[in-house]
Amino acid sequence: MPSHEYLLTSLIVVLIPGTGVIFTISAALVHGRRAALYAALGCTAGILPHLLATVLGLAALLHASALAFQLLKFVGVAYLFYIAVATWRDRDSFVVSSDNHRQPAGQCVTKAFLLNILNPKLTIFFLAFLPQFVDSTHGAPLPQLALLSAIFMLMTFVVFVVYGLLAHAFRRTVIEAPRVQDWLRRGFAGVFAGLGVHLALSER
């Protein structure tokens, strides 16, 4: 079984608001409870390739290759700016929508998935994070890494769903006023743009 230190550290990492949390909260505010669920699912799925890269040892190549890291990083930056511009321009998105105007599940999951899969820092993070909790006295490392990865993904999904449900609980109160809708639209656009700038300026 994973150590208490791993569980606590993973929980702290997942609770820290990042791109996925921001996207999940915005999906809950704009499109409702189901959208938050789909966003959480997409964000969690977007972690899987990074975890697989770590478990299979492919992350070492990304860590060693500056070109591979930079290419993936700037694709992620471009996508964050795309989300920022789309959010800024969509003046109707923060109107509380009816069930007939919910964002399609596939579209929501895909957006969330791309947000995480295009962040190369996740691979580097898992490369540095997971091996610290592998116990060489408990057999082969591969099954241990697989278990640690599965726990991290489950924790991510649960925490993101909780964030989304909390945002949905205050949905109508928060965004029923047009002025608040404009503030949220510009605020989320600014946050996504800021995350893009942060990723663009980040080193390994």
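This is a predicted model: local features need pLDDT of at least 70, side-chain atom pairs count only at pLDDT 80 or more; totals for chains, interfaces and linings use all residues.
Helix H3 (residues 33-55) packs against H6 at an angle of about 35°, and the two axes lie 7 Å apart. The protein chain as a whole has ten helices and zero strands.

**The H3–H6 pair**
- Two packed helices are described by the angle between their axes and the distance between the axes.
- For H3 and H6, the crossing is right-handed.
- On the H3 side, the residues that meet H6 are Ala35, Tyr38, Ala39, Gly42, Cys43, Ala45, Gly46, Ile47, Pro49 and His50.
- Their partners in H6 are Ala105, Cys108, Val109, Ala112, Phe113, Asn116 and Ile117.

**A closer look at H6**
- Helix H6 runs over residues 105-117, and its 13 residues should span 18 Å at 1.5 Å a residue.
- The end C-alpha atoms of H6 are 18 Å apart, so the model agrees with that expectation.
- Which residues of H6 are buried? They are Cys108, Ala112, Leu115 and Asn116.

**The chain as a whole**
- Along the sequence, the pattern reads α-α-α-α-α-α-α-α-α-α.
- Of the 204 residues in the protein chain, 42% are buried.
- Among contacts with a separation of 6 or more, 86% join residues 24 or more positions apart.
- The protein chain has an accessible surface of about 11,000 Å², and carbon and sulfur atoms account for 70% of that surface.

Terms used:
Residues are numbered from 1 along each chain as its sequence is written. Side-chain values use heavy atoms; hydrogens and water are left out. Helices (H or I, at least four residues) and strands (E, at least two) are DSSP runs, numbered from the N terminus. Buried means under 20% relative accessible area, exposed over 50%, partly exposed in between (1.4 Å probe, protein chains only). Contact means heavy atoms within 4.5 Å. Accessible areas come from the Shrake-Rupley method with a 1.4 Å probe; for residues, only the protein chains shown count as cover. The expected span of a helix is 1.5 Å times one less than its number of residues. Axes are lines fitted to C-alpha atoms, for helices over the stretch in contact, and angles run from 0 to 180 degrees between N-to-C directions. A crossing is left-handed if the near helix is turned anticlockwise from the far one by less than a right angle, and right-handed if clockwise.
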